[in-house]
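Biologist: I am new to this model. Please take me through the terms used for it.

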Amino acid sequence: MTSTAVEPSSAVLVERLRAIVGDQRVLVRPSELQVYASDGLPGYHKHPGIAVFPGTREETIAVIRALADARVPFVPRGAGTGLSGGALADGVVLLGLNRLKRILHLDPENRLAVVEPGVVNARLTKATAPFGLHYAPDPSSQTVCTIGGNVAENAGGPHCLKYGVTLNHVVACTVALPDGDVVTLGNAAGEQTGYDLLGAFVGSEGCFGVALDVTVRLTRNPQAIRTLLADFTSVDAAARAVSAVIASGILPAALEMMDNATVRAVEASIYAAGYPVDAAAVLLVELDGPAAGIDAEVATVEALCRDAGARGVETASDDAHRMRLWQGRKKAFGAMGRISPQLVVQDAVVPRTRLPEVLATIAEIGARYGISICNVFHAGDGNLHPNVGYDAGNPDEARRVHEAMSAIMQACIDVGGTISGEHGVGIDKIGYMERLFSDESLDAMCRLRDVFDPEHRANPGKVVPVHSCREWHGSAAWHSPRAEKDQTPRAADRTIMASRGKA
Amino acid sequence: MSATGSAATGSAATARAGRTVHPAIAGIADRVREARATRAPHRIVGAGTWLDAGQPVAHTGRLEIGAATGITEYVPGDLTLTALAGTTLAELHAATRANGQRLTLDPYGTPRGTLGATLATASAGPAAGAFGTPRDIALGLTMVTGAGDIVSAGGRVVKNVAGFDLVRLATGAWGTLGAIVEASVRLRALPPRDESFVVAVDADDTDAVAATLATLRALPFTFDALALLDAATAHALDLADAAHGALVARAADTGVIVHAMRAALGAAGQVREAAPTLWDQLRTLEPAGCATIRLSHAPSHAVDVWRLACDVARGGAGWAHLAVDRTVARVTLPRRVDESDAAFAARVANLLRITMTDFDGTCIGERLPPGAWDAVPRPRSDSDVLARLATGVRNAFDPARILNRGILGAAGGDR
């Protein structure tokens, strides 16, 4: 029995992991691990000690138990599309879940699906389409990102304005806790009882455990959909239109804004959608619902946009046109990647009435620091995404960019906003947590984390600054039998290992 | 409707970094610290409308939240509102309606109930199917933990993933993790039209009920509320010509859509207008001292839930209604005149034990006489691991069990 943690790359641990998942599913060479050093944000590079890729639920549990026995920290990772550095494993074990990609059960009658964490978001919607259903949370990376990753970040997307975020669409989750025990949170057979541990788990950024399967709620396809593109000669006019639409009582399915810099980036890329490149801002408005009322809603929204100063308002003529309009929005980040080698993006949410003021502040900050900022965001819920492309090889530019982003974040906090609406805190925004929460509040988050992971091995160093955690004494929370540091694999794990001739 | 950005009534002074704490919140925190110092368990009290709910609470004192009242921030243009926890729902409804908006928290019970109690109990009313439960409506909150710490989580914007979700954890925790002292909630715009309808149905005709539920589920509309009432409930609501039960629906949208929704209801039977006060009446139907349980399951089991709810109601001379859109049935069992506590508890417990043996859905006790709680079936998802997590959470926030000790039983780490 060891009293100290094992090195992630120790031969003993690697051998044990290989016995569980197979030789080829454990990566140890730096050249193999290179691709896992970043997520969707190019600015961070953290190399894992090793990477392990289980292919089944049983293998996943066995891996987690092996890591628990060795007291080794680990970072769960889906598709690596995150925008907060949350899936970066700095010298620790990267636990890749992308091989768990089965849709386990579709239940159209109850509008539920049970999926493994590696199922790609868009694939789930494709699988449920024949039943007139879809999975509503639609982050821009949905063609690549996984349900497990969406759960970890409580992902949103344009359509969360009307349909809610991931948490509103998860009814149950089977979770492997960091010590290897397995628990089902939530309830697919009625109301949830007791504490909302499922609600605490969704959005916990991999710090509370690993989802083995997720039961999600599916949404009935609307009877009618209309997608409008309105263009404006000023950002202010577009913001006024947003306020007017919301104030009218109409709740669009999505209400997205892109400024001129973003529009030009998109139209110069392979994702060109036909946006007018001389528009100061464009609004992409999607309305959906019963067919009986859709035309009246379109007419109302069009009128409101024109009253606010829209130069033109077009309605998508067919599905292909609609898809093209959405492609421009959803691939906007990718379009910006053509322009500069490095990109930083923020994810603050501000009260909607403060949008015009904050957008003006962002423009002023950009001018002050001599940087170019592209704004693309979920205007309907005030979720901003100021993007700045720059050359990290230019230290002066890099410094100005980071100072500007800090100023933008503070401006958002100052108007009553928050630092992340959907990307998560990860490591990218952890430095802002103390600007948002008091010491007692941060400590409370630490204490909650201690309940799930008293050894702090699951995604360490993310979300809450470590120095914010008071030392916790006297927690009778959790004493797993496995905490006895027994290095002997459990019986079930020995079976898996035996099947590979490694027991 | 007016939704212009008017001035807030004052800053939301919560325990955020660098901001001052509202005196009412500071006062509550002081009282909790005093209680902790003497290890004196306290019962959290808002307006006192929930004192008969939950499991028996062992306490030597009361933590009064009711005086912490008032809207601290309301910007109609943002469709968000922040208020101290002792603010009544009636006050919040009046303030939002004055701005052409609504707070879609409509728990069963009197509107004298407080915001804090509604969130602490996560009490969902008829509007929950359309607009979400209290856990979906709360955007942020401040609570005083059992350790006397003032903890804030979430915020006042409509989308927020900063930090671990203590809002979700505290909502529905029945005060066992912290006394909610302030909360931010999301609002909705008032619809142009708001009409209610009733369709007389035979609530005991299982086949007809199944067909009606299937038809309703396939409709492309979202009703603000949709409920199936047994005969006793329909009678209590004075619904004429609904001797065998009724389907009641609230359609709130543009005139065109409301008209279409009314037409769609026709598949269930003859549609008549219902008084808009119907929903207030439904929510305040339950008499003091009654027992209330909730039965729920997946929609495919809606008929089973309904049948069981009716059986229990009949067995206890009570009444039942089903939130069709959530597949949650509410069963109320009145206490007989001059019935002792012990006799009532024994009768309810016996009824539950007899009726629940084959039910594989979820049964939740909301109000039960002491002594009947053990008859509520344990959730299927119960496990030792879950129990240890629940105990751990409780220990993390209220290790000395100062707040509402016992109210959740084992689910709150109290047994």
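Biologist: How much area do chain B and chain A bury between them, and what makes it buried area?

Modeller: The two chains bury about 6200 Å², 60% of it on carbon and sulfur atoms. Buried area is the accessible area (1.4 Å probe) that two parts lose on being put together, summed over both. Lys159(B), Val161(B) and Phe164(B) supply 15% of the area that chain B buries against chain A, more than any other three residues.

Biologist: What should I know about the source?

Modeller: This is a predicted model, in which local features need pLDDT of at least 70, side-chain atom pairs count only at pLDDT 80 or more, and totals for chains, interfaces and linings use all residues. Residues are numbered from 1 along each chain as its sequence is written, chains are lettered from A and ligands numbered from 1 in the order in which they are written, and side-chain values use heavy atoms, with hydrogens and water left out.

Biologist: Why is the pair Arg135(B) and Asp196(A) called a salt bridge?

Modeller: The term requires a side-chain nitrogen of Lys or Arg within 4 Å of a carboxyl oxygen of Asp or Glu. The closest N and O atoms of Arg135(B) and Asp196(A) are 3.6 Å apart, so the pair qualifies. The rule finds 7 salt bridges across the interface of chain B and chain A.
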